[in-house]
Amino acid sequence: MKEKVAKPLAHEEYTFPHGITPPLWNVRKRRFRKRLNKRTIEDVEREVLRLLEADGEADEVVFHVDDGQGDFDDMGLEEEVEGEMEDAAEVGDEMDLDVDPFEAALDEVAADGEGEEEEEESGDDDDDDDDESGDDNDIEPLETGENESQSLLSSDAEDDDDDEGEDNGVVRVLRPAKPLPEIEAEYDEDTSDEETTNTIGNVPLEWYKDMPHIGYTKDGKRILKSEKGDQLDQFLSAMDDPDAWRSVYNKLEDKNIVLTKEELEMVKRIQEGQFPDPGFDPYEPTVEWFTSKTEIMPLNAAPEPKRRFIPSKHEAHRIMHIVRAIRAGRIVPKDKQPKKPDERHRFFDIWKDVPDTATEDRIMHIAAPKMALPEHDESYNPPSEYVPTKEEIAEWEAMDAEDRPKNFITKKYNSLRQVPGYGRFIQERFDRCLDLYLCPRMVKKKLNIDPESLIPKLPNPRDLQPFPTSLAITFKGHTGRVRSISVDPTGQWLASCSDDSTVKLWEIASGRCVQTWTLDEPVTNVAWNPNKSIWLLAAVAQTRVFLITPDFASAELAAATDVLINALWLKDDQTKLCEWSKPTDADIARGIRVQLKFDRNVTYLTWHRKGDYFATVSPDGASKSVLIHQLSKRSSQNPFRKAKGLVQRVLFHPSKPFFFVATQRYVRVYNLMKQELSKRLQSGAKWISSMDIHPGGDNVIVGTYDKRLCWFDMDLSTKPYKTLRYHKFALRNVSYHRRYPLFASCSDDGSVNIFHGMVYNDLMQNPLIVPVKTLRAHDVVNNLGVLHCEFHPTQPWIFSCGADTTIKLFS
């Protein structure tokens, strides 16, 4: 036996664009019942009402049974009766009855008529006589399968009131009325039940655009597309087809359908603005399917659900999702979608690829530069002074081609017809093309801008007074560069230090030097203790820090300071970061009370606002570059295990436990309570020289050696809010005023710039920064100008010191 070989599965026959199975065919007719149309129900109700009205108006009503075999023919009464008698006889034989059914029926009709006359004459309305007359016949109704006898015979006993004047015992044979057409319970205006060859349903035909078939039959077979010719073929086929004028193209079936007369009439009525159905009555009486009267009691007393008067959050979320998709371009509305060109009406532009230089105006298009206009020497008949001599021609020919000012020799002709062809025409055109192709071109837009419009509108400096404007006092006494100055909290005394290894105390009111301390090394920084209850001055001299108590102090301040200093030596030195030592008796007599010794040079010292802590900076100290010291406990601590850059300045926050550390490029803000980094301010500078904090604590100014001053708003950003460049050389120091909205910067150019810096309590308003004054009072010595500046604690005054060994007060 031959083994059956399985045929390979043809996947193409089972591939469908819109699913894995062929489209279902006639699903609606198979699974769902057809619903009656509303118009059909109205027609039935209208017909029933008409029949009931006709029965009420008729003189006689006779009911008959229509067996559906057609109308009665025109045979006589006798033929009908004979037929009925034969049928009744057959039924009687089957029932073994001796009584003739037809005669019994006639006797029954006659008896019923006599009984009715007797009742009318006697006036008795008893209804039992009808029953008795019916019972006397002893004949039961004939039970035939078709009830023909009952349809032929009718008795007058059923209509007592209408048949009083007619004869009894008369049998009338009535012909049934013509039956009405059967009512089909189908949709009159719905085409969903139409039988179609293509059973893909409501599927976009674009899915079959690139396929050879247009759909599938009910058996799942493909329906191939018909061949479509061009417009000429369609025109010829339309001329040959007599029904082409009333044919329409069906996209679903992919063929032309010829319209019937009824459909053409419907189209004609629609074009004329009439109703498509000629039997439609637009003025028929209104049928109130629901009563128009307002009911007092509602049908349902349930409370109104919230969804009827509260907007749906789910719908709002979905709508916003669609709106975001439209804004992002993921969903394109239909009115904005590009229209696809109709392939049947497609035209080609043969001049489409030809560039139009007159209308071409692209964004990056730059027109080629125009050639220079010809001059007099290029004319065919130039003036005589433009015609070269023989010596000039020989000199021109002896020159190289690159060195010649022009590529031609001017000649003179009597007429234009005598001018020969230019021999270098092709070469010059080629050079011109190379210039246009190889040489880059760029558009230079000239902007007509008023320079005054670029300057920001600032308030008048006179409206921002008070601020220092003029030189008041000059303090002279140092022989070296004055490195630093400091004003005591009361504003009465001024301390200064210099490279001449001296620290001087000045009385501000008189300008005289009242006390001088001479140290072994140059002094680089001095700072008063901000606590008004303690009379203490700190001085930095390379590797040592001295705490000095001047002589000019009240008895109460001197006693409080002595108690604090004497208590230090009663405690043990628990730190190894630096050495706390008690000075000699000679130093104590001069006012030096405490001495701290470090491993590296100290460049800067700053106090905490309460006066118990102070911090020192040693840039070369590596991990020990920043140390915090506590005066009351005689202790020192290192807050950082590892140095993150070369430290330049450190400051305490005026009101919060924050510690600012400025390296070469960044300013790091540490939270001492949480022991973590809070912020890192990016100055964008190469080398930070100085720093100061606003009394409010939310703004910081930073001076740099690259001539810039950066204002930071820490609530706004970690980058500078404003960067000011008003100095020509490096900035040495910046300072805020503790009471007035002023800040200043000093530079090596010998000037001090005063700025108005107003910080508002409203967080929505940015700080106002206005330059108000430039003070030029210090001389530049060895490229060094003003080295330090500081405001008076209570007055709008500023002190400055420089390389010219002087200290000046501006008020």
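User: What percentage of the residues of the chain count as buried?
Analyst: This is a predicted model. Of its 811 residues, 30% count as buried.
User: How many helices and strands are in the chain?
Analyst: There are 14 helices and 33 strands.
User: Let's zoom in. Is strand β24 mostly covered or open?
Analyst: Mostly covered. β24 spans residues 699-704, and six of its six residues are buried.
User: Which residues sit on each side?
Analyst: One side has Asn 699, Ile 701 and Gly 703. The other has Val 700, Val 702 and Thr 704. Both faces are covered.
User: Which strands does β24 pair with?
Analyst: One is β23, residues 688-693, antiparallel over five bridges. Another is β25, residues 709-713, also antiparallel over five bridges.
User: What stands opposite Val 702?
Analyst: Met 691 stands opposite Val 702 on the β23 pairing. In β25, Cys 710 stands opposite Val 702.
User: What about the turns? How many residues lie between β23 and β24?
Analyst: Five, and the two strands form a hairpin. Gly 697 in that turn has a positive phi of about 90°.
User: And between β24 and β25? How many residues there?
Analyst: Four, again in a hairpin. Lys 707 in the turn has a positive phi of about 70°.
User: Back to the whole chain. What share of contacts with a separation of 6 or more comes from residues 24 or more positions apart?
Analyst: Those pairs account for 51% of such contacts.

Technical notes: Residues numbered from 1 in each chain as written. Predicted model: local features only at pLDDT ≥ 70, side-chain atom pairs only at ≥ 80, totals over all residues. Heavy atoms only, no water. Buried < 20%, exposed > 50% of the residue type's maximum accessible area, 1.4 Å probe, protein only. Contact = heavy atoms within 4.5 Å. Pairing = 2+ DSSP bridges.
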